[in-house]
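Q: Can you walk me through this one? Keep it quick.

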2 protein chains.
Amino acid sequence: MAMEQKAFQDYYPDNLSYCYGCGRLNEHGLHIKSYWEGDEAVCRFTPKPYHSAIPGYVYGGLIASLIDCHSTGTASAAAYRAQGREMGSEPPLRFVTASLKVDYLRPTPLGVPLEVRATVKEISGRKVIVESKLIANGEVCARGEVVAVQMPEHLLAALTPPQGHPSPVGEPRERGQG
Amino acid sequence: MAMEQKAFQDYYPDNLSYCYGCGRLNEHGLHIKSYWEGDEAVCRFTPKPYHSAIPGYVYGGLIASLIDCHSTGTASAAAYRAQGREMGSEPPLRFVTASLKVDYLRPTPLGVPLEVRATVKEISGRKVIVESKLIANGEVCARGEVVAVQMPEHLLAALTPPQGHPSPVGEPRERGQG
């Protein structure tokens, strides 16, 4: 196991790092980060004051976003582990969300750090099912289940940075050169 | 039926209008708006360029947010209808999300207007189940199901605008006066 504390998302290739939720190159995004702690993957995130639902509580769409990106990141990390490969080695193993289910058990308090703890329920073929719980002040406030599916290699290869984002190297890149 | 085109969310009381997804008083928020079109409730939203997942496609967490706020808004409007009451009449009928399920059927293209069309599957007691589909370029890209539950009146009455938000009247308000 690597001793360094790079997040799962820090291993994504540049052209997959513009996700609003977890892309390190999306300057407007949430920058969700995930790490192994033993067999659990953990994400910590403190919402902004404006990430409110009803006053004093966290917006459910933000909770869904945390669970979504943390779970696809966990799926990627779990797939590398299952193949005995180092995170970030080629070809990249990157997952997209096929389905997302969130049960909101109680209102999630705003103003404290949140923790999402995820475990891999199933890996089969290109599919990984990730279960998670969102914890605030020691209480489980939401539960998530994500079915993540590995992106096809040909789609991966065709991606270039999107319009409207700065290039990661700071100057415009040629588009469409794969 | 009212002839004016106020959105469902425009009828929410001030202290329930700070939602990051749909609160008209949340200056950082998405300002999701929902309207009846016959028995369907419709929300139209054009994501920003930075609301990306993989390049060229819409972030799944944003899709979940649209479905979430549109569905709780639809639950509220449907409850007023079921009681034969005008939207916005007292006491307010406001719903929170008990569960959210999104199936991502295909990547949702970024750069075009999205439409979420919702129907009420069930109203029973304080619970409303709302089904929806998210459409881009005429294609259904995602399906949602939300179980919405009516907020208790005592909780409603206790809410005040949250810390970190400007007051809707533009100057500080006394807190904790219900």
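A: Chain B and chain A bury about 3100 Å² between them, with 64% of it on carbon and sulfur atoms. Buried area here is the accessible area (1.4 Å probe) that two parts lose on being put together, summed over both.

Q: What sort of model is it?
A: This is a predicted model: local features need pLDDT of at least 70, side-chain atom pairs count only at pLDDT 80 or more, and totals for chains, interfaces and linings use all residues. Residues are numbered from 1 along each chain as its sequence is written, chains are lettered from A and ligands numbered from 1 in the order written, and side-chain values use heavy atoms, leaving out hydrogens and water.

Q: How many salt bridges across the interface of chain B and chain A?
A: Zero by the rule, which takes a side-chain nitrogen of Lys or Arg within 4 Å of a carboxyl oxygen of Asp or Glu.

Q: Which elements of chain B touch chain A?
A: α1 (60-82) and β3 (95-104) of chain B each supply at least two residues. Helices (H or I, at least four residues) and strands (E, at least two) are DSSP runs, numbered from the N terminus. β3(B) gives the most, with eight residues.

Q: And what does β3(B) join in chain A?
A: Strand β3 (residues 95-104) of chain A, antiparallel, through five bridges. Strands pair if DSSP finds at least two bridges between them. As one example, S99(A) has D103(B) as its bridge partner.
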